[in-house]
Amino acid sequence: MIEIEIIQGDITKLTVDAIVNAANCSLLGGGGVDGAIHRAAGPELLRACIPLNGCETVAFPAISCGVYGYPWEAATEIAVKSVREFPAQKVKKVIFCCFGEEMEKLYREKVGSRR
Ligand code: APR
């Protein structure tokens with residue numbers, strides 16, 4: 001089973017194997033978390049990822065919960081369910097990185113974890 005950790009903070013500051021981006025199909029970097037990730041990940045960092053053979057620790061922002069306006073309650077439920085149903089292979093740990101207390105609280109409710 002994949003271990004789930006919930007934290008509050010800036011996803012670009014985490015030391016993980018991979019960060020999942022809330023991007024759009026242009027992949028050019030917009031505002032919100034997408035803009036922050038593009039500003040933090042320069043070409044050097046992206047090149048360094050090429051030889052990585054899989055990722056054990058993956059961090060997720062609250063995808064679609066900003067500009068896209070997806071309801072937080074449903075979004076957090078779907079995100080946790082999706083990770084729990086994902087077959088544990090190489091990925092050992094998922095971090096839900098929340099930008100604020102309210103989002104952290106929702107994720108903790110869905111995961112059933114206390115601070
Ligand atoms: N670290 C962690 N979470 C962050 C950060 C950050 N540095 N910056 C913003 N967030 C949070 C927001 O508070 C929100 O809860 O990420 C969540 C997702 O918000 P958005 O970035 O607005 O993403 P989304 O709603 O999925 O919209 C995606 O916005 O910037 C464009 O190119 C992007 O078109 C795409 C759209």
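How far from an oxygen atom of the ligand does a backbone N or O atom of Tyr-68 lie?

1. The distance is 3.0 Å, from a backbone N or O atom of Tyr-68 to an oxygen atom of the ligand. The protein covers 89% of the 710 Å² of accessible area that the ligand has on its own. Please keep in mind that the model is predicted.

2. A polar backbone atom of Val-33 is 2.8 Å from an oxygen atom of the ligand. With Asn-24 the side chain takes part: one of its N or O atoms is 2.9 Å from an oxygen atom of the ligand.

3. As for the site as a whole, the ligand sits in the largest pocket. It is surrounded by 21 residues, and the closest are Val-33, Asp-34, Ser-64, Gly-66 and Val-67. By type, the shell contains 12 nonpolar, seven polar and two charged residues. Helix 1, residues 32-40, gives the most to this shell, with four residues.

4. Turning to the sheet, it is open and built from four strands in the order 1-4-3-2, with parallel pairing. Strand 1 (3-8) and strand 2 (18-19) are at the edges; each has a single partner strand, so one side of each is left without a neighbour in the sheet.

5. Within it, Ala-18 stands opposite Val-58 of strand 3. In general, strands of a sheet pair through backbone hydrogen bonds, either parallel or antiparallel.

Conventions
Residues numbered from 1 in each chain as written. Predicted model: local features only at pLDDT ≥ 70, side-chain atom pairs only at ≥ 80, totals over all residues. Heavy atoms only, no water. Near = heavy atom within 4 Å. Polar contact = N/O pair within 3.5 Å; in protein donor to acceptor, adjacent residues only side chain to side chain. Areas by Shrake-Rupley, 256 points an atom, 1.4 Å probe, with all protein chains shown as cover. 1 Å grid on protein atoms, 1.4 Å probe; cavity = no way out; pocket = protein on both sides within 12 Å on 5 of 7 lines; lining within 4 Å. Sits in = over half its atoms within 2 Å of the grid points. Helix = DSSP H or I, 4+ residues; strand = E, 2+ residues; numbered from the N terminus. Nonpolar A, V, L, I, M, F, W, Y, C, P; charged D, E, K, R; others polar. Pairing = 2+ DSSP bridges.
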